[in-house]
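The sequence and the structure are shown first, and the points follow by topic.

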Amino acid sequence: MKRLSLFTTCLIILVGSWLVLRFVIGGVISVPIPGSVIAMYMGLIIIAILVHVSVEDSLFREFLRPVRETLVDDRRRVRRRVVAVLIPLFLLGYTYSIIAQRASPPGSPRDAHPSPPLELTYKDEVIGSMQDVVNPFRHYEKDDPEAFKAHVENGRRVYYQNCFYCHGDHLDGQGHFAPYLQPIPANFQDPGIIPNFQESFFFWRIAKGGPGLPAAGTPWDSAMPIWEDYLTKDEIWDVILFLSDYTGYQPRTFGEAH
Amino acid sequence: MSKKRLYLILGCVLVAYVLLAIAPVFAQDLTEAEYRPFPKIGSRNAAWIAAQLHLLFGSFILGVPMFAVIIEFIGWKTKDMRYDRMAQEFIKLCMGAFSTTALLGGVLVFILIWCYPKVMSKLSGIFGPTMIFYVILFFGETFTLYLYSYGWDKMQGRHKGWHLFLGVLLNVFGTAIMFVSNSWLSYQTSPATQYGILSEGRRKSWIEEKLAADPSLTPETAMEGVTSHTMVPLHNETTGEFMGTLWDAVNNFTWMPVNIHRLVGNIAFGGSIVAAYAAFRFLVAKTKEDKAHYDWMGYTGNFIALCGLIPLPFLGYWLGREIYMFNNTMGINMMGSLFSWLFILQAVMIGVLFIGANYYLWAGMGRISGAEIYARYRPYMITIIVICVAIWMTPRTLSKISSASELSAMGGANHPHLGLFGLMTAKNTAVNIIILTTFLSFLFYRRSGKTPTASWGKVGNIAISSIFFLATVSIVVIGIVGFTVPTDLRVNVLTPYQVLVALAVMAVVTVVDIFMYRKATTSGTIQWGEMTDRSQYVLILIAITFTSLMGLMGYARSGLREAWHIFGVMQDTSADAFTPLLSEAVNMVAVIMVAFFALVGFIFWLGLWGEKKKQASTDAAEAAITAEGDD
């Protein structure tokens, strides 16, 4: 059997990688991967291929041989003509894919996470600096487990009375209203949510809701209500305890500096 | 009229025109102002350009002497004059850049004093004594550099030890200068609060404040409940007046992490610029000797850059941690909000650096006969590096780069599986594996063309392979565990463990390898000069990437303050009190990068020009002597 040329092998790797990303990882194994991320990965794969073939002169010559033959060898006249047609067609298709009008709306330009203010407030009352404020009931976890349990239970009540419609029965962001919201509600089961932020951050997000989000990084388009209008301070702290208790993730804390 | 003269006159006319155009603006306001606008480009852009260019040149002239003195020492100990010549060549490059650094520093100070008088007044009020110290250090550095450079040929032989001492002294002055100036800018970022009552002066004023607030207290009772972790404000909340000591201001949260990050970064940057210079000389070299020399110089520069690059991600991580510790909001802004996309760009650029460094090592193996046996591992190593870079540059939140239908298909802004790559535990795992793979590339390079004669060679190779395998497994397992533990534990325990594993592997394997190859037989020597031109362009690409990366991270460090001159203490009320868009910052960094390379190119060209003139006159003199002899 005739051995494949290096160029063809690289082309197969490239197309194979795209198929794996598009249909295997982004289909069989998981949900679809956005086109921009696939493009980013494909760019890296092209770089990897070019790195491999261009490190050695002999390998590079072998890699370029079919290209050179296609361009200058008269025996490859048919291939040359096919390529001469395919390249403009590809560019045409690519240009069309970029400029064509689509029915689907654009994505959201919002930031990953809103930037919290320096001071934490509840209505007009200043609670303290965002950096220093801690959950006043958190210490019960060690000092008084029974009291802690009572606060968690109160948090559970608050959650299922107010939050689960959007954030879901299992705190996974899959509530009844979730499919109709953009952006969708936070998924507290995601390991990147609770462990990355202090409890003061969650207090701020719950208390101020969507309208309290900062001017920077907009549009947020968050449907979260201003919960300080409906919940007491303690209820907010309790629901935060419940979020971490249910998911098993601890909110971020800071050790000793210096 | 010669072309050069014509260009000179045109240049002078252009400068004069620019000066005339902007002069009226400077004449407008000589009263006490909070801000004065810089003509045409605005105050912030003017300060930005001057500061970044000054920093790039400063980084070069601080980084190069560090390894020049080490190379000189190696030359002295091995009695190999090639090393000595190369170190001298490095310092010559430094000399060319030194005056430009000082000039840009002067320009920066003028811009700051003119455009931001109130900020400068505040900073000089706090840091005045350090500014005097800075001047003393600057004189020390200047004269030591002159002595070190001009005394190079004179201090050969028995004075070499003293010459090396001058080199070390030069580095001490340079490092101290950087530490002093870092205290000013790190104070601007992290000034407001300190953990603990750090100084006696602040302790006294703290007691006085408490006594004034509550007359029933005594100095002893006022201190009750105050532990070493008590947060003490160092600024008056109303006036913003600084109440701590000079040391409190200097020893702020980010000072030491910035110091160490920059110290190591300077080595990497200096190495990369030297390598790019050597690459350029290699590409234009006419003789085999020149090609061989500049190939060797490029290799050395890249090796130094690589040595600096390897610990940089860890040091950057430490700096990030300290920023979070200082102010969580600032930390979230940095990694999860306003600046989060900048860190994706950073990952792309560091990916380029690591891929480029590995490419150069692999290409370098082409000039060693006997290195072919390692070529078969290359595709696997490329695959590992590329997968790790892909993980590193995968964003956590994809909302900005996805259409609404893609977001809907993913079920939100985070991809349920690839989104995990967006978390730091995955990224730290990836970077540690990239570092280990790069180290493996270097190990193969070192071994190329050599056969170990140690009887335990086979066992040694098995041991080294096992170490690599176990270390990789450990790093991956720690990374996976990182998803499940509290962040505090991950940041303070697990991530340092990963780093320690990578560092331990490099240390242990290096020692084992040295013993294994101590009396190795050599099957082929390195054919210096036998490198592809492509590899030289990679060296230039690495230098460009380093420069751009420094510019971009400078924007992040400075931009993190948002609308504050001194975070939380002194607000920016100027017209520029907004954070520039990332696209705007990238454009600015690109302009600065081009300006830097234009200036560096000009300085190096001047050096070459002088060298050519000198060579031409020597050749003419030799020709004259030969002609006389013929007569």
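In helix α16 of chain B, residues B:T425, B:N428, B:T429, B:N432, B:I435, B:L436, B:F439 and B:L443 meet B:R490, B:T495, B:Q498, B:V499, B:A502, B:V505, B:M506, B:V509 and B:D513 of α18(B); two residues are in contact if their C-beta atoms, placed from the backbone, lie within 7 Å. Helices (H or I, at least four residues) and strands (E, at least two) are DSSP runs, numbered from the N terminus. The model is predicted: local features need pLDDT of at least 70 and side-chain atom pairs count only at pLDDT 80 or more, while totals for chains, interfaces and linings use all residues. Residues are numbered from 1 along each chain as its sequence is written, and chains are lettered from A and ligands numbered from 1 in the order in which they are written.

**Helix pair α16(B) and α18(B)**

- The axes of α16 (residues 424-447) and α18 (residues 487-516) of chain B come within 11 Å and cross at roughly 5 degrees. That makes α16(B) roughly parallel to α18(B).
- Axes are lines fitted to C-alpha atoms, for helices over the stretch in contact, and angles run from 0 to 180 degrees between N-to-C directions. Angles under 35 degrees count as roughly parallel, over 145 as roughly antiparallel, 65 to 115 as roughly perpendicular and the rest as oblique.

**Helix pair α13(B) and α19(B)**

- Helix α13 (residues 340-364) and helix α19 (residues 533-559) of chain B have axes that come within 9 Å and cross at roughly 155 degrees. The two helices, α13(B) and α19(B), are therefore roughly antiparallel to each other.
- The contact of α13(B) with α19(B) comprises 18 nonpolar, five polar and no charged residues.
- Residues of α13(B) in the contact include B:L353, B:G356 and B:A357, and those of α19(B) include B:I542, B:T545 and B:A556.
- B:A556, found in helix α19 of chain B, is partly exposed, with 19 other C-beta atoms within 10 Å. A residue is buried if 20 or more other C-beta atoms lie within 10 Å of its own, exposed if 12 or fewer, and partly exposed in between, with C-beta atoms placed from the backbone.
- Not counting residues up to four places away in sequence, B:A556 touches B:M334, B:F339 and B:L342.

**Nonpolar cores**

- The largest nonpolar core has 161 residues, and those with the most contacts inside it are B:V64, B:F90, B:A275, B:V389, B:I434 and B:I542. Helix α2 (residues 43-78) of chain B supplies the largest share of this core, 18 residues.
- Apart from it lies another core, of 30 residues, among them A:V152, A:W204, A:W227 and A:I240.
- A nonpolar core is a set of buried Ala, Val, Leu, Ile, Met, Phe, Trp, Tyr and Cys residues joined through C-beta atoms within 7 Å.
- B:I542 touches B:S272, B:A275, B:A305, B:L353, B:G356 and B:A357, not counting residues up to four places away in sequence.

**Contact between the chains**

- Chain A contributes 57 residues to the contact and chain B contributes 61 residues.
- On the side of chain A that touches chain B, the largest share, 12 residues, comes from helix α2 (residues 35-54) of chain A.
- By class, that side of chain A has 28 nonpolar, 21 polar and eight charged residues.

**Residues with positive phi**

- Most residues other than glycine have a negative phi, and most peptide bonds are trans.
- Phi of A:L171 is near 60 degrees, a positive value in a residue other than glycine. A:L171 is placed in the loop between α6 (145-167) and α7 (199-208) of chain A, and is buried, with 23 other C-beta atoms within 10 Å.
- Phi of B:E562 is near 55 degrees, likewise positive in a residue other than glycine. B:E562 lies in the loop between α19 and β5 (564-566) of chain B and counts as partly exposed, with 17 C-beta neighbours inside 10 Å.

**Other individual residues**

- B:T218, in the loop between α6 (200-213) and α7 (219-222) of chain B, counts as exposed, with 10 C-beta neighbours inside 10 Å.
- A:I127 is found in strand β2 (residues 125-129) of chain A, and touches A:L120, A:T121, A:Y122 and A:V133, not counting residues up to four places away in sequence.

Definitions and conventions: Ala, Val, Leu, Ile, Met, Phe, Trp, Tyr, Cys and Pro count as nonpolar, Asp, Glu, Lys and Arg as charged, and the others, Gly among them, as polar.
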